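Visitor: I would like to go through this structure term by term. For each label, please give the cut-off and then the value.

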Amino acid sequence: MKHPEMDTSAVRAVSSAALAHVGDAVYELKVRTRLCAEGRLTAKNLHKATIARVCAGAQAKAARAIEPCLSEAEHEVYQRGRNVELRHIPAASTPGEYALATALEALMGWLYLSGNEDRIDELFEMCWKEIN
């Protein structure tokens with residue numbers, strides 16, 4: 001299903017928290033799809049395997065791996081996401097991990113809303129190598 005792409009000024013107007021909201025779904029869908037495509041897991045274990053790869057700790061690890069490869073514009077979005085004021089941090093993660101996870105999600109949301117799915121795929125491959 002094709003989503004509506006937003007022009008640059010419209011995407012720029014979206015808050016970092018909203019970008020992370022969209023990016024969280026994009027990233028989790030990429031993880032779920034990869035796990036299903038690999039076909040190694042039973043339906044019973046898919047959820048557990050997904051959670052292990054989308055938790056804040058795993059996302060922080062992935063975020064650190066891709067940061068050196070980001071363009072200037074991507075890095076700006078990443079930084080904005082990392083600096084989002086966090087009101088609730090899950091007990092299983094540190095504030096630093098959660099901030100990095102939010103940065104990754106914001107970047108994924110920004111790329112998705114900008115219609116840059118090829119770049120999402122490229123960065124996700126780097127993430128997958130790090131979290132798998």
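This is a predicted model: local features need pLDDT of at least 70, side-chain atom pairs count only at pLDDT 80 or more; totals for chains, interfaces and linings use all residues.

Visitor: Why is threonine 50 called buried?

Guide: Buried means under 20% relative accessible area, exposed over 50%, and partly exposed in between, with a 1.4 Å probe and protein chains only. Threonine 50 has 3%, so the residue is buried. Threonine 50 lies in helix H3, a helix being a DSSP run (H or I) of at least four residues, numbered from the N terminus. Leaving aside neighbours within four places in sequence, threonine 50 is in contact (heavy atoms within 4.5 Å) with Glu28, Val31, Arg32 and Leu35.

Visitor: What makes alanine 18 partly exposed?

Guide: Alanine 18, in helix H2, has a relative accessibility of 30%, and therefore counts as partly exposed.

Visitor: How do you know that leucine 100 is buried?

Guide: Its relative accessible area is 10%, so leucine 100 counts as buried. The residue sits in helix H6. Not counting residues up to four places away in sequence, leucine 100 touches Ala60, Ala63, Arg64, Tyr78 and Arg82.

Visitor: What makes a set of residues a nonpolar core?

Guide: The set must consist of buried Ala, Val, Leu, Ile, Met, Phe, Trp, Tyr and Cys residues joined through side-chain atoms within 4.5 Å. The largest such core here has 33 residues, and Leu19, Tyr27, Val31 and Leu104 have the most contacts inside it. Helices H2 (16-38), H3 (43-54), H4 (56-66), H5 (72-82), H6 (95-113) and H7 (117-131) each supply at least two residues of this core. The largest share, 9 residues, comes from H6. Beyond four places in sequence, leucine 19 touches Val11, Val14, Val77, Arg80, Glu105, Ala106, Gly109, Trp110 and Leu113.

Visitor: Why is H6 called roughly antiparallel to H7?

Guide: Axes are lines fitted to C-alpha atoms, for helices over the stretch in contact, and angles run from 0 to 180 degrees between N-to-C directions. Angles under 35 degrees count as roughly parallel, over 145 as roughly antiparallel, 65 to 115 as roughly perpendicular and the rest as oblique. The axes of H6 and H7 come within 8 Å and cross at roughly 155°. That makes H6 roughly antiparallel to H7. The contact is made by Leu104, Leu107, Met108, Leu111 and Tyr112 of H6 and Glu117, Arg119, Ile120, Leu123, Phe124 and Cys127 of H7.

Visitor: What makes H2 roughly perpendicular to H7?

Guide: The axes of H2 and H7 come within 11 Å and cross at roughly 65°. H2 is therefore roughly perpendicular to H7. On the H2 side the contact includes Val26, Tyr27 and Lys30, and on the H7 side Ile120, Asp121 and Phe124 are among the residues.

Visitor: What classes of residue make up the contact of H4 with H6?

Guide: H4 and H6 pack at an angle of about 65°, with their axes 7 Å apart. Residues of H4 including Ala60 and Ala63 meet residues of H6 including Leu100 and Leu104. By class, this contact has 10 nonpolar, 2 polar and 3 charged residues. Here Ala, Val, Leu, Ile, Met, Phe, Trp, Tyr, Cys and Pro count as nonpolar, Asp, Glu, Lys and Arg as charged, and the others, Gly among them, as polar.

Note on methods
Residues are numbered from 1 along each chain as its sequence is written. Side-chain values use heavy atoms; hydrogens and water are left out.
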